[in-house]
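I opened my notebook to look up a few things in this structure. Here is what I wrote down, entry by entry.

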Amino acid sequence: MTTPILQLIFLLILSPLRQLPPSKPATPTRIQLPNPPPTTLSVTDFGAIGDGIHYDTEAIQSTINSCPTTPPTKTCHVNFPPGIYLTATIHLKSNVVLNIQEGATLLGGTKLEDYPKEFNRWYVVLAENVSDVGITGGGVVDGQGLKFVKRFNERKNVMVSWNSTGACLGDECRPRLVGFIGCTNVKVWNVRLNEPAYWCLHIVQCLNTRIYDVSIYGDFNSPNNDGIDIEDSNNTLITRCHIDTGDDAICPKTYTGPVYNLTATDCWIRTKSSAIKLGSASWFELKGLVFDNITIVDSHRGLGLQIRDGGNVSDITFSNINISTRYYDPSWWGRAEPIYVTTCPRHSSSKEGSISNLQFINITANSENGVFLSGSKGGPLSNLRFINMNLTFRRWTNYPGGLVDYRPGCQGLVNHSAAGIIMEHIEGFEVENVNMRWSDYQNEPWDNPLDFRPSTVNNISFLNFHSAMYKQMK
């Protein structure tokens, strides 16, 4: 007789084995590797002297070329310890950031042989068709612009031109300071750009550019030393920049393609030309641009649009801007206008572009001249808005007034009495909560707050618009 325990064992042995469901394969564990730390190379380890006398070009370029190009390396910082590094053109490659330390200066050469043969590649620092590049560090890039002055003149300096080379024409044949051409993911921050001989920071056909905490200084009497030129580039941010220069400060322009999605905020500007200027190169569209919280001081023109080549401009916002504009010598474009919006053909064969959906919100201006809004027969201004604006017009320099400035091209300088807002060829203009004051300046009376011909200006509306004269203190 078997016991219950033996019976149980017997049954387990004879019963078929239970088939367990097949188990799912285990999901492999993904290990998130940390981003590799940036590689840092010092130009002094490659032979740079940094005395400001001997050229360090070869050592600097060797340092850049020694940056790793294969994974896992992501960013290579090329370090400039304190010193003055004289150089001809240096070329950046992808994933390279120049780290110019505080106390260090990258000094551009002043000889023709310091630059490539092609005029469009004349830069002290040049990046072409690369990605993830930049300049930072708290130091200086200096173009020695004063050494390109042929004759100093308080009205406007006469500059050296290398046009005898045949590489370029006219009187603007000088090297630019920093150029990014055809690049993606550009970043320029915490650096001073000083004394360019020609344009200072040039962004050409680039995508995703950030420029912040940058200080730009150009000689106030030198022409063509623009601060930041955004050319045919998209998705650009400019913020917390200080720009003090002779020519245009922030200048979007279109030569071969459009400019979309540009934002400039929290900047301080002084210039003998336009603080912000769209154009005058304007063959393609400019759309979706925002300028906010900007201070413009003692400039020849505040907010300017010069559309001359057939491109169309739309969806532009200027907001929270304080403007002070004054007269300078008429050899500089501008007539102290706080706001200047114009379309007209550059030449008789040029197309007429249009400007639409343009708004100015929370603008305060103290200026020696009035606002100028001038479309053209084939390129009208449409859907303009002035909202919450305070405009004060008074004289404090001795330059003569009585002119409007259509330059470049078009009608040039034209005699015209002063007015608060001059309007030509406009289709749709809304004014809301605008206060205008003008002084009793005897030599140039302000007796016309609004100047327009009804035959060229249509669909305008005014809500809470006030204008009055005040006594100017001597």
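**Ground rules.** I call a residue buried under 20% relative accessible area, exposed over 50%, and partly exposed in between (1.4 Å probe, protein chains only). This is a predicted model: local features need pLDDT of at least 70, side-chain atom pairs count only at pLDDT 80 or more, and totals for chains, interfaces and linings use all residues. Residues are numbered from 1 along each chain as its sequence is written, and side-chain values use heavy atoms, with hydrogens and water left out.

**Entry: salt bridges.** I started with charge pairs. Side chains of opposite charge can pair when their charged atoms come close. My rule for a salt bridge is a side-chain nitrogen of Lys or Arg within 4 Å of a carboxyl oxygen of Asp or Glu. By this rule I get 14 salt bridges.

I looked up E337 next. E337 pairs with R301, and the closest N and O atoms are 2.9 Å apart. E337 sits in the loop between strand 25 and strand 26, and R301 in strand 24 (residues 301–307), so the pair ties together parts that are 36 residues apart in sequence. E337 and R301 are both buried.

Then I turned to R346. Its side chain meets that of D309 in a salt bridge of 2.8 Å, N to O. This pair also links distant parts of the chain, 37 residues apart: R346 is in the loop between strand 26 and strand 27 (355–367), and D309 in the loop between strand 24 and strand 25. Both R346 and D309 are buried.

E368 lies in the loop between strand 27 and strand 28 (371–374), and R395 in the loop between strand 29 (381–393) and strand 30, so parts 27 residues apart in sequence are tied together. Are these two buried or exposed? E368 counts as buried because its relative accessibility is 0%. R395 is buried too, with 3%. I also noted a network: salt bridges that share partners join R301, E337, D405 and R407.

**Entry: polar contacts.** Here I count a pair of N or O atoms within 3.5 Å; within protein, one must be able to donate a hydrogen and the other to accept it, and residues adjacent in sequence count only if both atoms are side-chain atoms. I found N224 in the loop between strand 16 and strand 17 (228–231). N224 is buried, at 14% relative accessible area. Its side chain has a polar contact of 3.2 Å with the side chain of R174. What else does N224 touch, leaving aside neighbours within four places in sequence? Contact means heavy atoms within 4.5 Å. The list is E172, R174, Y198, W199 and D247.

S215 belongs to strand 16 (residues 207–217). The side chains of S215 and R192 make a polar contact at 3.4 Å. Not counting residues up to four places away in sequence, S215 touches V191, R192, L193 and H242.

**Entry: nonpolar cores.** A nonpolar core is a set of buried Ala, Val, Leu, Ile, Met, Phe, Trp, Tyr and Cys residues joined through side-chain atoms within 4.5 Å. How many residues does the largest one have? It has 106 residues, and those with the most contacts inside it are L98, F180, F291, F318, L373 and F386. Another core lies apart from it, with 6 residues, among them Y340, F372, Y406 and A419.

Entry: Most residues other than glycine have a negative phi, and most peptide bonds are trans. I looked for exceptions. The peptide bond from G279 to S280 is cis, with omega near 0°. S280 is in strand 22. Another cis peptide bond joins R407 and P408, with omega about 0°. P408 is in the loop between strand 30 (403–405) and strand 31 (413–415).

A336 is not a glycine, yet its phi is positive, about 65°. A336 counts as buried, because its relative accessibility is 0%. H425 is not a glycine either, and has a positive phi of about 50°. H425 is partly exposed, at 21%.

Technical notes. Helices (H or I, at least four residues) and strands (E, at least two) are DSSP runs, numbered from the N terminus.
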